[in-house]
Amino acid sequence: MSTKRSNVTRSIDLSGRALRIVAVGSFLLLVFPFLYVSVAPVVEALNVPGGSLTAFVVSAAIPAALGVVLVVRSRGDDGTVWDAIPERQYGGRHAESGGIARQEQERALDRLKDEE
């Protein structure tokens with residue numbers, strides 16, 4: 001009786017948008033407590049209506065707004081190595097590492113943009 005072992009690896013893809021969301025979520029979780037500790041005494045000293053609830057909302061809103069800005073501003077970057085390689089080198093030095101395919105893909109995308 002033999003048993004076959006499955007060689008399945010499970011992993012979570014943290015590239016692109018998922019990575020940005022994890023990064024922003026981590027940022028919010030790390031910054032919020034420090035901001036709340038700073039904002040709460042100011043809100044109490046100024047006798048702002050709502051007291052600690054107002055401090056909580058302000059402390060959550062500031063890093064959340066900053067997080068949204070960070071995600072939106074980084075949305076256009078695909079983060080590939082090809083961004084650093086000039087197109088003229090795709091067929092030469094970088095041909096064996098996929099440069100020719102990359103060049104064909106970019107030309108096809110340019111033709112589609114021109115047709116629109």
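Me: What does Phe56 count as at 43% relative accessibility?

Reply: This is a predicted model, in which local features need pLDDT of at least 70 and side-chain atom pairs count only at pLDDT 80 or more, while totals for chains, interfaces and linings use all residues. Residues are numbered from 1 along each chain as its sequence is written, and side-chain values use heavy atoms, leaving out hydrogens and water. By relative accessible area (1.4 Å probe, protein chains only), buried means under 20%, exposed over 50%, and partly exposed in between. At 43%, Phe56 therefore counts as partly exposed.

Me: How is the pair of Phe32 and Phe56 classed from its centres and planes?

Reply: Rings of Phe, Tyr and Trp (its six-membered ring) pair if their centres lie within 6.5 Å; planes under 30 degrees apart count as stacked, over 60 as edge-to-face and the rest as tilted. The search of the whole structure finds two aromatic pairs. For Phe32 and Phe56 the centres are 5.2 Å apart and the planes stand at 80°, so the pair is edge-to-face.

Me: Which helices does this pair link?

Reply: Helices (H or I, at least four residues) and strands (E, at least two) are DSSP runs, numbered from the N terminus. The two residues are 24 apart, and the pair links distant parts of the chain. Phe32 lies in helix α1 (residues 17-45), and Phe56 in helix α2.

Me: What area does the nonpolar surface patch of Leu53, Phe56 and Val57 have?

Reply: Patches are made of residues with over 30% relative accessible area and no salt bridge; like charges are joined within 9 Å, nonpolar side chains (Val, Leu, Ile, Met, Phe, Trp, Tyr) within 5 Å. Leu53, in helix α2 (residues 52-73), counts as exposed because its relative accessibility is 56%. With areas from the Shrake-Rupley method (1.4 Å probe; for residues, only the protein chains shown count as cover), the patch has about 300 Å².

Me: Which side chain meets Arg102 in a salt bridge?

Reply: A salt bridge is a side-chain nitrogen of Lys or Arg within 4 Å of a carboxyl oxygen of Asp or Glu. One is found in the whole structure, and Arg102 counts as buried because its relative accessibility is 17%. The N to O distance is 3.0 Å, and the partner is Glu106.
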